[in-house]
Amino acid sequence: VCRCPPMLSKPTTTGPRPWHEDMDLLLGVTTLVCTSLILISGLAYGLPPIFGGRQRHYHALIPGAFGLCIGICTAFMSYERTRKPAAHLLVLISVCGFFGSVPGVLKQPAIWTGQPVEKRDAAWIQTWMFLFCFPFAIFCVAWF
């Protein structure tokens with residue numbers, strides 16, 4: 001008498017999920033970008049000399065506002081019913097952050113060569129925002 005376990009017609013595991021279906025990955029990346037933008041904004045507003053500024057400007061709070069919006073969308077991504085609208089808003093916010101930060105990136109060659117640049121701190125803040133929003137926008141479009 002054979003005491004081998006019976007063979008199952010279907011595998012017991014489905015295997016690893018593709019990366020674009022992994023909700024934990026999406027929530028982790030959006031949380032990282034949200035937290036980073038809020039941190040950049042807090043540093044730029046609280047310690048302006050870090051970014052080359054002399055005084056506090058309310059413009060330094062713009063990355064934090066984008067981070068807060070991304071965080072709100074992340075909270076709605078957890079529910080199946082609100083996932084799709086939140087995902088579309090997430091892409092829109094990240095693309096707006098990307099296009100809004102391009103002027104600061106275009107000032108970087110002048111900053112690096114030592115030329116005088118108007119609003120040097122704003123250019124640095126926009127560059128940091130670009131470094132988070134551009135890859136995030138690509139990630140969001142590829143994920144969805």
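Glu80 counts as exposed, with a relative accessibility of 60%. Glu80 is one partner in a salt bridge with Arg83, where the closest N and O atoms are 2.8 Å apart. The model described here is predicted. Its protein chain has five helices and zero strands, and 32% of its 144 residues count as buried.

**Overall build**

- From the N terminus on, the order of elements in the protein chain is α-α-α-α-α.
- Of the contacts in the protein chain between residues at least 6 apart in sequence, 64% link residues at least 24 apart.
- The protein chain has an accessible surface of about 9,700 Å². Carbon and sulfur atoms account for 69% of that surface.

**Salt bridge**

- One salt bridge turns up in a search of the whole structure.
- The residues that form a salt bridge are Arg83 and Glu80.

**Aromatic residues**

- Five aromatic pairs are present in the structure.
- Phe98 and Phe130 make a tilted aromatic pair, with 5.5 Å from centre to centre and 35 degrees between the planes. The angle counts as tilted because stacked planes are under 30 degrees apart and edge-to-face planes over 60.
- Phe98 belongs to helix 3 (residues 83–106) and Phe130 to helix 5 (residues 120–143), so this pair ties together parts that lie 32 residues apart in sequence.
- The cut-off for buried is under 20%.
- One aromatic cluster is formed by Phe98, Phe99, Phe130 and Phe134.

**Nonpolar surface patch**

- Ile38, Leu68, Ile72, Phe76 and Tyr79 make a nonpolar surface patch of about 500 Å².
- Helix 2 (residues 62–77) gives the most to the nonpolar patch, contributing three residues.
- Leu68, a member of the patch, is located in helix 2. Leu68 counts as exposed, at 51% relative accessibility.

- Cys133 takes part in no disulfide, and the nearest cysteine sulfur, in Cys96, is 9.6 Å away. Cys133 is buried, with 0% relative accessible area.
- For Cys140, the closest cysteine sulfur is that of Cys73, at 9.5 Å, which is too far for a bond. The cut-off for a disulfide is a pair of cysteine sulfur atoms within 2.5 Å.
- Cys140 is likewise buried, and its relative accessible area is 0%.

**Backbone at Lys119**

- Most residues other than glycine have a negative phi.
- Lys119 is not a glycine, yet its phi is positive, at about 55 degrees.
- Lys119 is placed in the loop between helix 4 (108–112) and helix 5.
- With a relative accessibility of 53%, Lys119 counts as exposed.

Methods:
Residues numbered from 1 in each chain as written. Predicted model: local features only at pLDDT ≥ 70, side-chain atom pairs only at ≥ 80, totals over all residues. Heavy atoms only, no water. Phe/Tyr/Trp six-rings, centres within 6.5 Å; stacked < 30°, edge-to-face > 60°. Helix = DSSP H or I, 4+ residues; strand = E, 2+ residues; numbered from the N terminus. Patch = residues over 30% accessible without salt bridge, like charges linked within 9 Å, V, L, I, M, F, W, Y side chains within 5 Å. Areas by Shrake-Rupley, 256 points an atom, 1.4 Å probe, with all protein chains shown as cover. Salt bridge = Lys/Arg side-chain N within 4 Å of Asp/Glu carboxyl O. Buried < 20%, exposed > 50% of the residue type's maximum accessible area, 1.4 Å probe, protein only. Contact = heavy atoms within 4.5 Å.
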